[in-house]
Amino acid sequence: MTTLAIDIGGTKLAAALVDGRLQMRDRHELPTPASKTPQALRAALEALIEPLLAQAQRVAIASTGIIREGALLALNPLNLGGLMHFPLVQTLESLTGLPTLAVNDAQAAAWAEYHALGGEYHDMAFITVSTGVGGGVVSNGKLLTGAGGLAGHVGHTLADPNGPQCGCGRVGCVEAIASGRGIAAAAEGSLAGCDAKTIFSWAGQGDEQACQLIQRSACTLARLIADVKATTDCQCVVIGGSVGLAEGYLAQVKAWLVQEPAAYHVKLLAAHYRHDAGLLGAALLAQGE
Ligand code: ADP
Ligand code: BMX
Ligand code: ZN
């Protein structure tokens, strides 16, 4: 059976066909519409799936936001242009006529990365550093989604009580500091208005402010990883997302983590499936694996 896998992030939408055991083809992307209206997201999803639809027998979605009873509920609506609620499964079922499953993007990616570890570990966590900071936890071989879909949303734990306001309503969340959006929001002067990707390229050229912004993110992420270790006693933490996978970032996180007491040290790995972990995890879950 061929699965039409869809990944809805705060910055980009991706779709691909997935056959059998994780063979992916025809992957392509579109920008996520920066509009508050559900109509804009529906139209973008329709355009995204159009070239793939005829070959698929089911749909699997990994999406940013809390996924509860098939609907997307934004925890941080600012990551989706202010969109609060979107009927995800209902929309895709009506667009495709196919059975559809939806799961949070970082939870889906955690599941794919857990499979990639090949049975070596039974307790792991995945953290994406992307538009936001998302997380997924596998405990004793089971993916935790929680009673209402909130499990693993570690990006909304406290990093700094005097830190920036987070779009979720709290102050000083990890996401408000460490995410791509958080890095960009703190940029001043010559870097004001730059996105995280541009700030990374300035850091590569030795720009002092750019290096400091990335260091602030990496240090915040390392403290979060220590908290995740203390909460779950996971055997490894896998890092994904375009910021998490950016050159040199993981090495900085590792350097900060070793400065924490040894009890909080944990093996850190870059996502095996790179930018496809969400797509593949959703496909695996739709296959019942
Ligand atoms: P999404 O959040 O939609 O899943 P990404 O994982 O691509 O998407 O994360 C988007 C964030 O990553 C944005 O803040 C963007 O500026 C940043 N980004 C994209 N590419 C890079 C890169 N090569 N290096 C560093 N940051 C990047
Ligand atoms: C936010 C939250 C999470 C998501 C994470 C990463 C929303 C809309 N999203 O914390 O559900 O997993 O961002 O999302 O509240 P991404 O867009 O950065 O991949
Ligand atoms: Zn928050």
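**Ligand and zinc sites of a predicted model**

Me: Why is ligand 2 said to lie between domain 1 and domain 2?

Reply: Residues of the shell around ligand 2 come both from domain 1 (3-105) and from domain 2 (108-270), so ligand 2 lies between them; the domain bounds themselves come from an automatic or database assignment. This is a predicted model, in which local features need pLDDT of at least 70 and side-chain atom pairs count only at pLDDT 80 or more, while totals for chains, interfaces and linings use all residues. Residues are numbered from 1 along each chain as its sequence is written, chains are lettered from A and ligands numbered from 1 in the order in which they are written, and side-chain values use heavy atoms, with hydrogens and water left out.

Me: What makes a residue one of the 19 that surround ligand 2?

Reply: A residue is counted if one of its heavy atoms lies within 4 Å of the ligand. For ligand 2 this gives 19 residues, of which Asn76, Asp105, Ser130, His153 and Glu175 are the closest. The shell divides into four nonpolar, 13 polar and two charged residues.

Me: Which polar backbone atoms contact ligand 2, and why do they count?

Reply: A polar contact is a pair of N or O atoms within 3.5 Å, and an oxygen atom of ligand 2 is 2.8 Å from a polar backbone atom of Leu75. Likewise, an oxygen atom of ligand 2 is 2.7 Å from a polar backbone atom of Asn76, and a backbone N or O atom of Gly132 lies 2.8 Å from an oxygen atom of the ligand. Ligand 2 taken alone exposes 460 Å², 97% of which the protein buries, by the Shrake-Rupley method with a 1.4 Å probe.

Me: How do you know that Thr131 makes a polar contact with ligand 1?

Reply: An N or O atom in the side chain of Thr131 is 2.4 Å from an oxygen atom of ligand 1, and that value lies within the 3.5 Å limit, so the pair counts. Of the 570 Å² of accessible area that ligand 1 has on its own, the protein covers 81%. Thr131 is also among the closest of the 15 residues that surround ligand 1.

Me: Why is the arrangement around the zinc ion (ligand 3) called tetrahedral?

Reply: Donors are N, O and S atoms within 2.8 Å of the metal (3.2 Å for Na, K and Ca), and His156 (ND1), Cys166 (SG), Cys168 (SG) and Cys173 (SG) lie 2.1 to 2.4 Å from the zinc ion. Four donors count as tetrahedral if all angles lie between 85 and 135 degrees; here the angles are 104 to 120 degrees, and therefore the arrangement is tetrahedral. In sequence, these donor residues are spaced H-x9-C-x1-C-x4-C.

Terms used
Polar contact = N/O pair within 3.5 Å; in protein donor to acceptor, adjacent residues only side chain to side chain. Nonpolar A, V, L, I, M, F, W, Y, C, P; charged D, E, K, R; others polar. Tetrahedral: all angles 85-135°; square planar, octahedral: opposite > 155°, others 65-115°.
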